[in-house]
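Here is a briefing on one structure. Look over the sequence and the coordinates, then read on.

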Amino acid sequence: MATITATPGLATRRDGEAAIRLASLLRWTLDHKLIGLQYMASSLFFFVVGGAMAMLIRWELLTPTLDLMADGTQYNALMTMHGSIMIFLWILPMMAGFGNYLVPLMLGAKDMAFPWLNAFAFWLIPPAGVLLVAGWLLGPAEAGWTAYPPLSTLFSLDGQTMWAMALHLLGLSSILGAINFIVTIRNMRPAGMTYWKMPLFVWAVLATAIIQVLATPFLTGGLTLLILDRVAGTSFFDPGSGGDVLLWQNVFWFYSHPAVYIMILPGFGMVSEVLSVHARKPVFGYRAIALSSLSIALVGFTVWAHHLFTSLQPALRIPFMITSMIIAVPTGIKIFSWLGTIWGGKLRFNSAMLFALGFISLFVFGGIGGVMLASVPVDIHLHDTYFVVGHFHFTLFGGSVFLIFAGIYHWFPKMTGRRLDERLGKLHFWMTYIGFFFTFMPQHIAGALGMPRRIAIYDPAFTNINQVISLAAFLLGIASLVLIYNLLRSLQTGERVGGNPWRALTLEWATTSPPPPWNFRGDPVPFDDPYGYGSDEGRAYLDAVDRRFPAPTPEAVEAESGSARS
Amino acid sequence: MNLSNSSGNLMTVLWILVAFVLLVVGGLIIAEATPLVLPPQASAEAAQVDELFKIMLALGGAIWLLVQGAILYSVIRFRARPGDRSDGPPMHGNPTLEFVWTLIPALVVVVLSIISFQVWVNITSAREYEQQVEARGARFLWSFSYEIPGATQRVNSPVLHTWVGQPVALGLQTTDVNHAFWVPSMRIKQDLLAGRRTEARFTPVLAGEFPVVCAELCGSGHGDMRASIVVHEDEERFLAWFDEEAFRILNPPDDPAEGGELLMTSGGVAGLYACAGCHTLETLGWDSITGPSLTGVAERAGARIPGMEAERYLLRSLYFPSEFLVPGYAALMPQHQYQDPDEANYMPLNEGLAIVAYLCTLTTDGESACDLDLLPAMMEDM
């Protein structure tokens, strides 16, 4: 049984148990687990790059005048890169990474429906990253990640074209990945797993993938018109020759609003898993959470113009206010359901749980700010100010990134066979929570008081608040380094675990950590209720899994480290 | 919580009532922060917008407290005791509770939508006897222009003048990229869209000077693109300013250099030129840094390009600015043209000449460094 077969990318030890070598992530592989890790590794790299840019931005904003940046263009290029990298090269692909790694395992499948397409979709990302950064050197994109014409067409240099080309590649990657998820989830569920018995993470990925295939083509269209205006002399966005600048704004946001749900929904799925497992309680309101993901996906297509309330024709503003208010309801249902999940449970405060709880705490603040922005008269004052910057960082960082962190702490043991260091995890959490709150909460105040966004030179009256924000941001930056250190160190020396260190009921835990290349021996039978904690059957199932996939004994670990590399 | 007996039920209801009261009070306290986070209410619109903001802050504050409270309570009360490896109760849901927490947020957003709609209708309705002002955004300067009754010329100013209680109707146009006209104290904001004329309205209620800020990324000088609104105490004081400006425009000085100075501060036939948006010029009180400083430019103009006279250098810099980029600055200056009055950046040659005449006086002693008689021939030669 213990054949040492050289499966690409894995060092097989015995009984199919495998170790992860970082170098293996540089190779072309069809294994969804390795592709998932490739997505994650590249995303974490860009997280550090984008984060470094944020540190430069906050350093510049310590004073109301230009100091670090030579001129406004340099600053605008930096903040354009920061936003573009964080959205398209950190959050979106990181969520794809989790989806790729977990969905086949949660479905008891051997791989995704289209393994080659899966690999292809990942390998679009490194060239896109190169294009984006190369553009910065050519004469940078400086119109923000939103790239409004005419600034982005008639008043920007070639880096703007490269930016658009990079986003084309990333959009294609997103669409191809989404097709894969939809087909996999539809066709490859195990016997007995109806849609209503799928883990909520799978529901979330399904809803996300539906948005991806429907919305991303609009980004493609908009980017194509932008590139043509820039290089082919067309005038889609040039009013002087029959074009319209509002065309870009509407097409761009028709994609980019659903895009924010692409960035958060998989995370919503992850937090349902994390809270349930570490509170030892079923998810409260499973069907409501599943259906609310689908309704967010649907209603999310009707709200886009709230991003352009101050440029939209006045008669259309109220209808988009109404749709934007409506979408608060399914999100509220989720938050209350998650509170219901932990209420009355037996809470274990490991790092994954801390980030999950921190997420609920912070995301609701972002959601409330969102409802305020949905109101047209209030948005007229707050649009394009630091209030908006604070809002979207609460939802994207306090939301998506906290969820990513929770997912990392929760599934790192499954992916690597080792735990992350818990003390470093708690340090990471507290530094992040405090640094985050004092970075982004005051931004709401600065914006409401009159500070617009996307400026390096500001009214000196805002100096104090900006200094507080910058100092807190530096703390946040250091906190993220704690995570990177923890990841790299734990890969080498983290405590070894068995198949199911958290005693969780979903199928990814019913195999070794990490799983063998073929995921499972035979066709695994999922436990009837993915959240059946507190039941005798659940306990019996978990005991059986523990017997089958135990943690390695200290002697076994000794023996391995003698013969294994890294 | 044990719900299986009636005194348990009573306790639960009491706790819910206590929590409800605390949340309402907490929300109201949070809402009191409204004046601390918003600028003074300088317009009639501001008071209504702030009231709406306060209502949302109260509701949002209460919801935030509810969620934080639930988390804190859970973290303390439901912590797994050390060594307790058991599971929690197998509770999958509660249809009544789920219905309630769907219905209440739905009602809240319906109410907020209705109030928002009412405020919106109030603040956007046209008023009687509005003061019509045309506003222009150009990288990186705001300018405002007023009709002079009975004349074709207009008063142009980098400052928007009006008076207390006078409803203002603004027409907004851009000469280049999109901008956004934002007056935080008045709570109004409207984008300027290339190819369109957009509108905004407000009624000032406080006298004073209030900042205007550009709120749509427009390039390098976006952060520097600021102006002000001066609200005079009454129409008389406004007219005192207006009449003086109108007189200057309708009776331009004979001396070309003085005429040039007037053009640079009060614009010409095409409106206010955007020079102040990028340049520092001490004599006129300009302090922008996107472009090179013009202070004392006549001292340098003759030596800047070997073989080129100061007059020709200054004239060509207006119409072909990218020919003479100063190191360290980007090619951002709009290219003025004198052929088509309807196109952007129109600067008729006679005005260009007057501006050059003024620039020629920017020497240490104020004496002109140029021979203005050379200019007409140079203009033929463009």
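How much area is buried between chain B and chain A? About 7,000 Å², of which carbon and sulfur atoms give 68%. Buried area is the accessible area (1.4 Å probe) that two parts lose on being put together, summed over both.

This is a predicted model: local features need pLDDT of at least 70, side-chain atom pairs count only at pLDDT 80 or more, and totals for chains, interfaces and linings use all residues. Residues are numbered from 1 along each chain as its sequence is written, chains are lettered from A and ligands numbered from 1 in the order in which they are written, and side-chain values use heavy atoms, with hydrogens and water left out.

**Confidence**

- The model scores ipTM 0.93 and pTM 0.94.
- Chain B has an average pLDDT of 94; pLDDT is the predictor's confidence in each residue, from 0 to 100.
- In chain B, 99% of the residues score at least 70.

**Interface of chain B and chain A**

- Chain A brings 88 residues to the contact and chain B brings 77; contact means heavy atoms within 4.5 Å.
- The rule finds 27 residue pairs in polar contact across the interface, both residues at pLDDT 80 or more.
- A polar contact is a pair of N or O atoms within 3.5 Å; within protein, one must be able to donate a hydrogen and the other to accept it, and residues adjacent in sequence count only if both atoms are side-chain atoms.
- On the side of chain B that touches chain A, the elements that give two or more residues are helix 2 (34-37), helix 3 (44-77), helix 4 (95-124), strand 7 (188-192) and strand 9 (208-214) of chain B.
- Helices (H or I, at least four residues) and strands (E, at least two) are DSSP runs, numbered from the N terminus.
- Helix 3 of chain B gives the most to this side, with 16 residues.
- The residues on this side of chain B divide into 45 nonpolar, 18 polar and 14 charged.
- Ala, Val, Leu, Ile, Met, Phe, Trp, Tyr, Cys and Pro count as nonpolar, Asp, Glu, Lys and Arg as charged, and the others, Gly among them, as polar.

**Salt bridges**

- A salt bridge is a side-chain nitrogen of Lys or Arg within 4 Å of a carboxyl oxygen of Asp or Glu.
- Three salt bridges are found across the interface of chain B and chain A.
- One salt bridge joins the side chains of Lys346(A) and Asp84(B), at 3.3 Å from N to O.
- A search of the whole structure finds 23 salt bridges over all chains.
- The pair of Lys346(A) and Asp84(B) crosses between chains, from the loop between helix 11 (328-342) and helix 12 (351-374) of chain A to the loop between helix 3 and helix 4 of chain B.
- Lys346(A) is partly exposed at 23% relative accessibility, and Asp84(B) is partly exposed at 21%.
- Buried means under 20% relative accessible area, exposed over 50%, partly exposed in between (1.4 Å probe, protein chains only).
- Asp421(A) pairs with Arg489(A) in a salt bridge, the closest N and O atoms being 3.2 Å apart.
- Asp421(A) lies in the loop between helix 14 and helix 15 (422-449) of chain A and Arg489(A) in helix 16, so the pair ties together parts that are 68 residues apart in sequence.
- Arg197(B) and Glu134(B) form a salt bridge through their side chains (2.8 Å, N to O).
- Arg197(B) is in the loop between strand 7 and strand 8 (198-202) of chain B and Glu134(B) in strand 1 (residues 131-138), so this pair ties together parts that are 63 residues apart in sequence.

**Backbone features**

- Most residues other than glycine have a negative phi, and most peptide bonds are trans.
- The peptide bond from Pro149(A) to Pro150(A) is cis, with omega near 0 degrees.
- The bond from Ser513(A) to Pro514(A) is also cis, with omega near -10 degrees.
- Asp384(A) has a positive phi, near 65 degrees, and is buried at 6% relative accessible area.
- Asn519(A) has a positive phi, near 70 degrees, and is buried at 0%.

**Asn466(A)**

- Asn466(A) is found in helix 16 of chain A and is buried, with a relative accessible area of 0%.
- Its side chain makes a polar contact with the side chain of Arg58(A) (2.9 Å).
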